Amino acid sequence: MGHNSFVYPDDGFFSHPEKLRAFSSAFIQWKDLVSSGLLVNEEKTHWVPMQFGEWLGFVINTISMTFRVPEKKVCKLKRLLDSVIQSRSSSYRELARIVGSTISVALAVGPISRLLTRQMYLAIDSRSAWDHVFLFPPALLEELKFWCCNIESFNGYSIRPSLDSSAVVFSDASDAAFGGFSASLDGTVASGMFTMDDLGQSSTFRELKAIYYVLISFVEHLKHMWVKIFTDNQNAARIVSVGSSKVHLQSVALSIFGLCFSHGIALEAQWIPRSLNERADILSRFFNKDDWRINLSVFRLVDAKWGPHTIDRFASFYNAQLPRFNSKFAAPGCSAVDTLAQDWRGENNWVCPSISWDNPERTRGADELKFHSFLGDYFLSQIVALPTRDNNILDLVLTNVPNIVELDAVLHPDQVGLFTDHSVVTFTLKASFKKPKLPTRFIYDYRRGDFEELQSALQSVNLSNVVQDNNTIDKDWTLWKDTFLAAVADFIPSKTLRRRYGPPWDILHLLRKKESVRKKLKLLPRIEIPRDKFKTLTATTKHLIRESKANYFESLDIRSQPKRFWSIFKLTNKSSNLPDVMSLGPAQHGFLPGRSCVTQLLTALDQIGEHLDTGKQTDVVYLDMSKAFDKVCHPLLLRKLKQCNVSGRLLDWFNAYLINRKQRVTVSGETSTEGLVSSGVRQGSLLGPPLFLLFVNNLPDRCSFSNVACFADETKIYKLIDSVYVSKALQSDLDSLMDWSTSTFLQFNQQKCMSQHISRKRNPIKHQYLMNGSVLDVTTAEKDLGVWISSDLTWTNQVYHQSNQANKLLVFIHGSSRYIKKSSTRRTM
């Protein structure tokens, strides 16, 4: 007969489901050991069958199928944890000992042994030497405290769930919503939209959040149960059990654990293919776009007058105004599902007011009336008059030209193949777009004219019948001209020419030759002669265009013709006609030929990278001016122009251009009153950017110790930091820039100003920089001119954001082009 035997090198045990057979099995095993010549330690051996015993350091209970760690071992681990928690520090070797002891009891405490040792592993991985003593960061200290306080309560993990208290749950996530259901809870479903913080995160993060939201939706039904949750994301299923080295994913995993721990839920996550998770997938694509609420301040006013309200009807977990609410599906914190099936008696119910589009006087609610008034202020009309969801108009078409917008139909989503609970609104925009007419002129086609017949016709004209004695000379000339042109029209045909604005003839000739060669090269790509000819023609054409443009601007005299001043900004700085106004410093990279965002970033990052390669630290302060272009002081700008040798009529022209300028706004034919523009340079004009650059040109001069990099109003100062005293030099330059800000009336937006310590040291110098007495926030990743700069100068954040943006675009293209069958069109998109 067979025996269940378990051996670990010289230790073992034997099992059998029946007690008598277990006795027989024990005798046979003893006999086999003795006959094999092995010596049995009778003091440590139990030949009598039992259901509770200790083996390999674990106390095994075969009745409940639980494993426990002996009390002695638990007390030893707690003493070790107490000692390091009190000192808040230890060596890496001692921390590794704690981790080893924690992992060794995994069979007795379950998967949390890996989930709640992540901070310990991260600390050990960052070690410089095993015996080096270090201070615990807050996250690591919290992890150690958790084990010290809770290891006894977790001791006794069961490897076999109780079948009469188990549940199965399915979950899934889309880009904007989550969904799930439980077949064990009479098919109860959960669905809802992600919060703004969840949107834009990775798919693994959203899947973890979906698990969390689905569990918290069913938590009242899952208390003290063994729950198996299925997800179609393998990473999410693994992270629920063992955690993640990424902070944002680990935080969600800990939230799931905390939820289950506080409600006595034993959770097991398992991956399934997407084809087996279709129902949860459908629920996750339910976008409840009409799930909105009124402004919180308005609700508080209403609640103060007619409240207190006790429950929010028709709400969801992310827009509920009250702690108790009802929602369409099960959701986190929901008191009940299906509002209309609940008993409303004895409650002061809050129901979000509605808007009446057909009769604005029937609109209820302060926020709704404000919305109606807002649309009226901007001359907007709403043309949808039929319900788009149940009996409500929730999908709007707003226009300020209702006479050209015509509503076609409100269709059921099945009619157009869309998955949504809203009706589909179709409308027609009756607008015509006419191509602007080019100027035309008529000329005579002399090559096709019949001059002999014209001559005969003119000879037969009797001038005495045309010219009268009592007419004036002007009238006689008019009569003769009409007679002459009538004869010409009979015998000389005319043709219409459309005037075309183009380059001079020589440049046009080269462009045509270049296009002809390009077409030949396209047909014969391997022939080298057309390729060389094409390169030569391209270079010659560019040279002629630059030369023609330069000759034109060289002919301009901006001092005698100030109105043509703007034209000089189409030239490079090498032009002899450029005034000193364009003599800007090397720190400025905005709106200048040969300089750009790229040159600014390369200049700064090249210096910072050199410091980083030598193991040094660079501190950067990012500065942002508040409404910089709108706050340029006109008298101060004119003074700076005068310092740049701009004088005479040109300075007077600038004075007229800037001072006493007025503006007004026209919307749908209604024009506001004029307002005086007391400061600022015109944005969108050619003169605006260079005048602003001139105004801030002396900003880098205020920094005596630090490097400065500017792009228009975006400025950063940075310096190599090797001691706290050097940090004070950077602070001194920051104080100087505050004085400059006061003198020029350009204030820095302190909330957007950040400091950053760029270093790969384990313990960088962390100096707090002040702006007007307030400490600047420290950032580990800052978006500088569209590029994410991290504190270790790696490009993980930049790659993540760019790939995320590209993926969103690909998803949009895929969703919008699924009905486009033509492959070339899809490739173009």
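## Basis of the model

The model is predicted, with local features requiring pLDDT of at least 70 and side-chain atom pairs counted only at pLDDT 80 or more, while totals for chains, interfaces and linings use all residues. Residues are numbered from 1 along each chain as its sequence is written, and side-chain values rest on heavy atoms, with hydrogens and water left out.

The structure holds 1 cavity of 30 Å³ or more, and the largest cavity has a volume of about 40 Å³. A cavity here is a set of points, on a 1 Å grid over the protein atoms alone, where a 1.4 Å probe fits but cannot get out, and its lining residues have an atom within 4 Å of a point; grid points are joined across faces, edges and corners, and the volume is the space filled by probe spheres set on the points.

The lining of the largest cavity consists of Leu601, Ala604, Leu605, Ile608, Val620, Tyr622, Lys716, Asp784 and Ile789. Two or more of these lining residues come from each of α20 (597-613) and β24 (617-624), where helices (H or I, at least four residues) and strands (E, at least two) are DSSP runs numbered from the N terminus. Helix α20 gives the most to this lining, with 4 residues. By class, the lining has 7 nonpolar, no polar and 2 charged residues, with Ala, Val, Leu, Ile, Met, Phe, Trp, Tyr, Cys and Pro counted as nonpolar, Asp, Glu, Lys and Arg as charged, and the others, Gly among them, as polar.

## Helices α15 and α17

Helix α15 (residues 451-459) packs with helix α17 (residues 473-491) at an angle of about 150°, their axes lying 9 Å apart; axes are lines fitted to C-alpha atoms, for helices over the stretch in contact, and angles run from 0 to 180 degrees between N-to-C directions. The two helices α15 and α17 are therefore roughly antiparallel to each other, on a scale where angles under 35 degrees count as roughly parallel, over 145 as roughly antiparallel, 65 to 115 as roughly perpendicular and the rest as oblique.

The crossing of α15 past α17 is right-handed, a crossing being left-handed if the near helix is turned anticlockwise from the far one by less than a right angle, and right-handed if clockwise. Glu453, Leu454, Ala457 and Leu458 in α15 meet Phe484, Ala487, Val488 and Phe491 in α17, contact meaning heavy atoms within 4.5 Å. The residues of this contact divide into 7 nonpolar, no polar and 1 charged.

## Helices α8 and α9

Helix α8 (residues 203-222) and helix α9 (residues 234-242) pack with their axes 9 Å apart, at an angle of about 60°, and are therefore oblique to each other. The crossing of α8 past α9 is right-handed. In this pair, Thr204, Glu207, Leu208 and Ile211 of α8 meet Asn235, Ala236, Ile239 and Val240 of α9, a contact with 5 nonpolar, 2 polar and 1 charged residues.

## Helices α3 and α6

Helix α3 (residues 92-104) packs with helix α6 (residues 118-125) at an angle of about 145°, with their axes 10 Å apart, and α3 passes α6 in a left-handed crossing. The contact involves Tyr92, Leu95, Ala96, Ile98, Val99 and Ile103 of α3 together with Met120, Tyr121, Ala123 and Ile124 of α6; by class, it has 10 nonpolar, no polar and no charged residues.

## Loop residues with positive phi

Asn645, in the loop between α21 (634-643) and α22 (648-658), has a phi near 65°, a positive value in a residue other than glycine. Ala712, in the loop between β29 (707-711) and β30 (714-721), has a phi near 60°, likewise a positive value in a residue other than glycine.

Terms used: On a 1 Å grid over the protein atoms alone, a cavity is a set of points where a 1.4 Å probe fits but cannot get out, and a pocket is an open set with protein on both sides within 12 Å along at least five of seven lines; lining residues have an atom within 4 Å of a point.
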